[in-house]
Amino acid sequence: MSAQPARRMMNIGDALALLREEFPDVTVSKIRFLEAEGLIEPQRTPSGYRKFSHADVERLRFILTAQRDHYLPLRVIKEYLQAIDRGERVPPPWEAASARGPRRLVAAGAAGRAPADMRLTRRQLLDGAAIDEELLAELEEAGLVRRSGRHYDGDALAIARAAGALGAYGVQVRHLRVLKAAADRQLALIEQVIAPLLRRRDGHAEAERTARRLAELSLSLHSALVSAGLRESLGP
């Protein structure tokens, strides 16, 4: 990497600030993880501090977008970036993934959530959520992440990603058990409400619509209650 004027370089906090607006969940730990995996290579000062150029920040933005919007594993993103670094003309990795079939890690649409019927290998889940084997094993042991046969679905990816992001703030898997218990209670309430619909011969479709609407309302209520509690705790 060629030397660049000092005024054009920034520390890891500056780089994080540029990315946070678009990627609010990105953390210093995440950037360090991507460096350890060989996807980025910021300069180092003689005392060992990282220095990022604007090109480094754009590279990070590409990586984070490929993960968030296209659910690509880090291995695929890394291979693409290495090809670009060699001067090769290659299509974006999500185009290649899409051409290989619908069950690959492809875009999930504007909602930003992985489709529930997505099928992921263990390696794809680890790469897509940017977590390690130890954390995934803990999540599985706690019943937070489950697999069907040898594959995981989009919900498992969303849970693993959230757990990894919370871990950057010191939230451990044991702390997440209370959230799992709350989710189970919400599910039990929804099942109780839709039970009469399921007993009707033609009620399955209505039961599904009702369950999804109840889930949305429950999430909205939960968010409002947490927000109100924070205001009381933190003050005006």
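Which residue forms a salt bridge with E22? In this predicted model, the partner is R68, and the closest N and O atoms of the two side chains are 3.9 Å apart. A salt bridge here is a side-chain nitrogen of Lys or Arg within 4 Å of a carboxyl oxygen of Asp or Glu. E22 sits in the loop between α1 (12-20) and α2 (28-36), while R68 belongs to helix α3 (residues 54-70), so the pair ties together parts that are 46 residues apart in sequence. Helices (H or I, at least four residues) and strands (E, at least two) are DSSP runs, numbered from the N terminus.

Residues are numbered from 1 along each chain as its sequence is written, and side-chain values use heavy atoms, with hydrogens and water left out. Because the model is predicted, local features need pLDDT of at least 70 and side-chain atom pairs count only at pLDDT 80 or more, whereas totals for chains, interfaces and linings use all residues.

The overall make-up comes next. The protein chain has ten helices and two strands, and from the N terminus on its elements follow the order α-α-β-β-α-α-α-α-α-α-α-α. Of the 236 residues in the chain, 33% are buried; buried means under 20% relative accessible area, exposed over 50%, and partly exposed in between (1.4 Å probe, protein chains only). The chain exposes about 15000 Å², and carbon and sulfur atoms supply 54% of that area, as computed by the Shrake-Rupley method with a 1.4 Å probe. Among contacts (heavy atoms within 4.5 Å) between residues at least 6 apart in sequence, 58% join residues at least 24 apart.

The structure holds 16 salt bridges. In the E22 and R68 pair, both partners are partly exposed: E22 has a relative accessible area of 36%, and R68 has 29% relative accessibility. A second bridge joins E35 to R50, with the closest N and O atoms 2.5 Å apart. E35 lies in helix α2 and R50 in strand β2 (residues 50-51), so this pair ties together parts that are 15 residues apart in sequence. E35 is buried, with a relative accessible area of 18%.

A further bridge falls within one helix. The side chains of E79 and R75 meet at 3.6 Å, N to O, and both residues lie in helix α4 (residues 74-85), four residues apart, about one turn of the helix. An α-helix has 3.6 residues a turn, so residues three or four places apart point the same way. E79 is partly exposed at 43% relative accessibility, and R75 is partly exposed with a relative accessible area of 41%. Elsewhere, salt bridges that share partners join E22, E58, R61 and R68 into one network.

What aromatic pairing is found? A search of the whole structure finds one aromatic pair. The rings of F62 and Y80 have their centres 5.3 Å apart and their planes at 20°, so the pair is stacked. For this assignment, rings of Phe, Tyr and Trp (its six-membered ring) pair if their centres lie within 6.5 Å; planes under 30 degrees apart count as stacked, over 60 as edge-to-face and the rest as tilted. F62 lies in helix α3 and Y80 in helix α4, so the pair ties together parts that are 18 residues apart in sequence. Y80 counts as buried, at 15% relative accessibility.

Helix α9 (residues 173-198) deserves a paragraph of its own. Its 26 residues should span 38 Å at 1.5 Å a residue, and its end C-alpha atoms are 35 Å apart, which agrees; the expected span is 1.5 Å times one less than the number of residues. The helix bends by about 30° at Q192, and a proline, P196, follows within four residues. The bend is the angle between axes fitted to the seven residues ending at a residue and the seven starting there. The buried residues of α9 are V173, L176, K180, I190, I194 and L197, and their cover includes α7 (133-141), α8 (154-167) and α10 (204-234). R177, also found in α9, is partly exposed at 46% relative accessibility. R177 and G143 are 34 residues apart in sequence and 8.8 Å apart in space, C-alpha to C-alpha.

Finally, A130 lies in the loop between α6 (122-129) and α7. Phi of A130 is near 55°, a positive value in a residue other than glycine, and A130 is buried, with a relative accessible area of 18%.
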